[in-house]
Amino acid sequence: MGKFTVLNHPLIQHKLTIIRDKNVGTKEFREVANEIAELMVYEITRDLPLEDVEVETPMGHSVQKQLAGKKLAVIPILRAGLGMVDGVLELIPAAKVGHIGMYRDEETLKPHEYFVKMPTDIDQRDLIIVDPMLATGGSAIMAIDALKKRGAQSMRLVVLVAAPEGVKAVQEAHPDVDIYAAALDDHLTESGYIFPGLGDAGDRLFGTK
């Protein structure tokens with residue numbers, strides 16, 4: 001079973017509370033969502049492999065550590081996932097970016113895939129899938145399915161707010177994918193929204209209704 005981790009760093013919790021507030025406008029919501037993503041990436045990349053490298057400091061020759069060339073890519077689930085990409089790239093500017101588009105049928109609440117554009121070598125990359133909300137888990141499961149179908153081997157799912165139902169669904173469908181969240185919320189409402197959540201992340205990021 002993939003592990004589920006809540007990143008309860010005080011800065012992450014504080015910033016998440018800011019964007020939960022329904023009175024926060026689009027500009028601040030967008031900025032803070034990216035700040036949270038950046039802080040989360042710092043936490044979830046702790047296990048990146050390092051290698052020795054020779055370097056001449058002003059004081060002379062030494063052997064130090066650098067990243068061992070592990071290739072990374074960030075994959076936003078459209079459209080709300082776009083609100084976390086810049087935060088990830090702040091810390092990992094060399095990461096490639098793929099896009100996967102999902103929309104949710106308002107009647108059935110089922111997700112549908114409509115757009116997939118990936119780096120050609122996703123089978124050799126560690127993929128960081130980003131989406132602000134893990135609600136029913138349907139979109140995340142379908143996104144992971146689509147990535148596996150295209151050869152992806154190593155993935156982790158990074159969300160701002162998760163519902164227990166969504167975590168359970170993703171763990172059961174994809175036990176090899178670790179999930180990281182800034183918060184585990186109480187439950188899903190009858191209309192499939194996370195409570196207390198932060199509303200519709202896509203609408204709040206892009207100023208739509």
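Two residues are in contact when they have heavy atoms within 4.5 Å of each other. By this criterion, among contacts in the protein chain between residues at least 6 apart in sequence, 63% join residues at least 24 apart. The structure is a predicted model, in which local features need pLDDT of at least 70 and side-chain atom pairs count only at pLDDT 80 or more, while totals for chains, interfaces and linings use all residues. Residues are numbered from 1 along each chain as its sequence is written, and side-chain values use heavy atoms, with hydrogens and water left out.

The protein chain contains six helices and 13 strands; these are DSSP runs, with helices (H or I) of at least four residues and strands (E) of at least two, numbered from the N terminus. Along the principal axes, the C-alpha atoms fill a box of roughly 65 × 40 × 30 Å. Of the 209 residues, 45% are buried, where buried means under 20% relative accessible area, exposed over 50%, and partly exposed in between, with a 1.4 Å probe and protein chains only.

Beyond its neighbours within four places in sequence, Val 158 is in contact with Met 40, Ile 44, Met 84, Ile 128, Ile 129, Val 130, Asp 131 and Tyr 180. The C-alpha atoms of Val 158 and Glu 38 are separated by 11 Å, although the two residues are 120 residues apart along the chain.

Attention now turns to the pockets. On a 1 Å grid over the protein atoms alone, a pocket is an open set of points with protein on both sides within 12 Å along at least five of seven lines, and lining residues have an atom within 4 Å of a point. The largest pocket holds about 670 Å³ of space, a volume being the space filled by probe spheres set on the points, which are joined across faces, edges and corners. Its lining comprises 29 residues, with Ala 80, Arg 104, Asp 131, Ser 139 and Asp 200 nearest its centre. Among the elements that give two or more residues to this lining are strand S4 (72–78), helix H4 (138–149) and helix H6 (201–206). By class, the lining has 15 nonpolar, seven polar and seven charged residues.

An unreviewed UniProt entry lists Ile 194, Gly 199, Asp 200 and Ala 201 under "binding site". The lining of the largest pocket includes Ile 194, Gly 199, Asp 200 and Ala 201. Ile 194 lies in strand S13 (residues 194–195) and counts as buried, because its relative accessibility is 6%. Ala 201 is found in helix H6 and is likewise buried, at 3% relative accessibility. Not counting residues up to four places away in sequence, Ala 201 touches Phe 29, Ala 80, Pro 132 and Met 133. With the same exclusion, residues touched by Ile 194 include Met 133, Val 161 and His 187.

The second largest pocket holds about 230 Å³ of space. Of the 14 residues that line this second pocket, Leu 48, Leu 67, Leu 72, Leu 91 and Ile 92 are the closest to its centre.

Notes:
On a 1 Å grid over the protein atoms alone, a cavity is a set of points where a 1.4 Å probe fits but cannot get out, and a pocket is an open set with protein on both sides within 12 Å along at least five of seven lines; lining residues have an atom within 4 Å of a point. Ala, Val, Leu, Ile, Met, Phe, Trp, Tyr, Cys and Pro count as nonpolar, Asp, Glu, Lys and Arg as charged, and the others, Gly among them, as polar. UniProt positions are given in the numbering used here, feature names are shortened, and annotations may be inferred rather than shown by experiment.
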